[in-house]
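The questions below go through one protein model, from individual side chains to the whole chain.

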Amino acid sequence: MKLKSFLISICLVFIYSVSHSQPYNTARLSLIQSQQVEVYVNSFDEIENGITVPGGTVLGVTLQDLNDPSAPAPLSGFEIFVRTNNGISSNFEGINGNSMDLDILSLTSSNRQGFGSSTFFYGPLSLDQISQLIVESTLTNCDWSTHQINVQYEFGTANCTSKFTSFKSDFYTVEVEFILEPVF
């Protein structure tokens, strides 16, 4: 059996600016760790059983409800969604013209610090073009330095539909987008 080697690179995309949902509320998602996740698959065991990258990305959440009486509705929390960048990519693209299904990647979110029982973390979720809910919370005031989320990546594991044995050796990339949406 010929040993296959893969290099997978995931570029994380954020709109890194403070976005104001209204003049009286602020929401921001900060990338604290790992702007790019690289995975090298170079053993038979990794090809057969996959690779897990725990805490591959750390996100910080800033949300502020200023309780302005002119607001049409009070802020009741937030949701974070994940998808391929702008929902465009339908697969991992290889530099040699090969492609790899998105469902070789599975993402799981977890509390790194600051979130309590009013926050729910989801996964494993297969990466998709369609936005999928990965975190939801009823918190209305939090800061990126004290409220952080770990995102674990699994490539070709039991939680993934596709396996590395189905694809050709290449350097594959895909952009992953995390979207913070305030809930009213």
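Q: Is phenylalanine 78 buried or exposed, and at what relative accessibility?
A: This is a predicted model, in which local features need pLDDT of at least 70 and side-chain atom pairs count only at pLDDT 80 or more, while totals for chains, interfaces and linings use all residues. Residues are numbered from 1 along each chain as its sequence is written, and side-chain values use heavy atoms, with hydrogens and water left out. Buried means under 20% relative accessible area, exposed over 50%, and partly exposed in between, with a 1.4 Å probe and protein chains only. Phenylalanine 78 therefore counts as buried, its relative accessibility being 0%.

Q: Which residues touch the most other members of the largest nonpolar core?
A: A nonpolar core is a set of buried Ala, Val, Leu, Ile, Met, Phe, Trp, Tyr and Cys residues joined through side-chain atoms within 4.5 Å. The largest such core has 38 residues. Those that touch the most other members are Val61, Phe78, Ile80, Phe92, Leu107, Tyr153 and Phe178.

Q: Which strands each supply at least two residues of this core?
A: In soluble globular proteins, nonpolar side chains tend to be buried together. For this core, the strands that each supply at least two residues are strand 3 (25–33), strand 4 (36–41), strand 5 (51–65), strand 6 (77–84), strand 9 (105–113), strand 12, strand 13 (148–155) and strand 14 (170–183).

Q: How many aromatic pairs are found in the whole structure, and what is the angle between the planes of phenylalanine 78 and phenylalanine 115?
A: Rings of Phe, Tyr and Trp (its six-membered ring) pair if their centres lie within 6.5 Å, and planes under 30 degrees apart count as stacked, over 60 as edge-to-face and the rest as tilted. The search finds 2 aromatic pairs. Phenylalanine 78 and phenylalanine 115 form a tilted pair, with 6.1 Å centre to centre and an angle between the planes of 55°.

Q: Where in the chain does phenylalanine 115 lie?
A: The pair links distant parts of the chain, 37 residues apart, with phenylalanine 78 in strand 6. Phenylalanine 115, for its part, lies in the loop between strand 9 and strand 10.

Q: What is the geometry of the pair formed by phenylalanine 115 and phenylalanine 121?
A: Phenylalanine 115 is buried at a relative accessible area of 7%, whereas phenylalanine 121 is partly exposed at 24%. Ring pairs link Phe78, Phe115 and Phe121 into a cluster. The ring centres of phenylalanine 115 and phenylalanine 121 are 6.0 Å apart and their planes stand at 75°, so the pair is edge-to-face.

Q: Which residues does asparagine 150 touch, not counting those up to four places away in sequence?
A: Asparagine 150 lies in strand 13 and counts as buried, at 17% relative accessibility. With contact taken as heavy atoms within 4.5 Å, asparagine 150 touches Gly55, Thr57, Val58, Thr108, Ser109, Ser110, Asn111 and Arg112.

Q: What separation is found between the C-alpha atoms of serine 131 and threonine 84?
A: Serine 131 is found in the loop between strand 11 (125–126) and strand 12 (132–137), and it is partly exposed, with a relative accessible area of 32%. Leaving aside its neighbours within four places in sequence, serine 131 is in contact with Phe81, Val82, Arg83 and Ile179. Threonine 84 is 47 residues away from serine 131 along the chain, and their C-alpha atoms are separated by 8.1 Å.

Q: What is the phi of asparagine 86?
A: Most residues other than glycine have a negative phi, and most peptide bonds are trans. Asparagine 86, placed in the loop between strand 6 and strand 7 (91–94), is not a glycine, yet its phi is positive, at about 55°.

Technical notes: Helix = DSSP H or I, 4+ residues; strand = E, 2+ residues; numbered from the N terminus.
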